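Reader: Could we go through this model together? Please begin with the terms.

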Amino acid sequence: MLKKMGEAVARVARKVNETVESGSDTLELRLEGNFLHRLPSEVSALQHLKAIDLSRNQFQDFPEQLTALPALETINLEENEIVDVPVEKLAAMPALRSINLRFNPLNAEVRVIAPPLIKFDMLMSPDGARAPLP
């Protein structure tokens with residue numbers, strides 16, 4: 001398990017470093033299914049990033065460095081273990097249009113507080129829903 005996680009972190013770090021070093025205005029970063037539980041700090045340098053796919057990982061905490069990316073429009077965190085979400089920070093993101101939090105064990109407070117505060121699509125599964133088997 002630790003070996004898989006180490007390999008996944010190394011892959012992600014390489015991908016993020018390639019993106020930062022290329023100097024390109026990368027629009028999308030796809031890191032789904034990599035056993036991730038946190039993001040490398042280099043992600044905060046991706047100021048032109050428009051979409052990030054972090055689905056099917058092992059995040060327990062919402063990766064808050066995403067809230068500092070001004071161009072980010074789409075966040076996919078489907079099928080993780082996230083309980084709490086920084087709703088106020090997400091609501092303040094200028095470009096955010098959609099966040100997918102389906103199949104996360106979100107707490108009841110997020111489910112109640114989020115809808116009136118947000119101006120974007122926030123996808124959530126019904127309370128207690130489980131991800132489909134692969």
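Author: Contact means heavy atoms within 4.5 Å. Among contacts in the protein chain between residues at least 6 apart in sequence, those that join residues at least 24 apart make up 38%.

Reader: What kind of model is this, and how are residues numbered?

Author: This is a predicted model, in which local features need pLDDT of at least 70 and side-chain atom pairs count only at pLDDT 80 or more, while totals for chains, interfaces and linings use all residues. Residues are numbered from 1 along each chain as its sequence is written, and side-chain values use heavy atoms, with hydrogens and water left out.

Reader: Which elements does the protein chain have, and in what order?

Author: The protein chain has three helices and five strands (DSSP runs, H or I of at least four residues for helices and E of at least two for strands, numbered from the N terminus). From the N terminus on, the order is α-β-β-β-α-β-α-β.

Reader: What is Ala 91 in contact with, beyond its neighbours within four places in sequence?

Author: Ala 91 contacts Leu 117, Lys 119 and Phe 120. Ala 91 lies in helix H2, residues 87–91.
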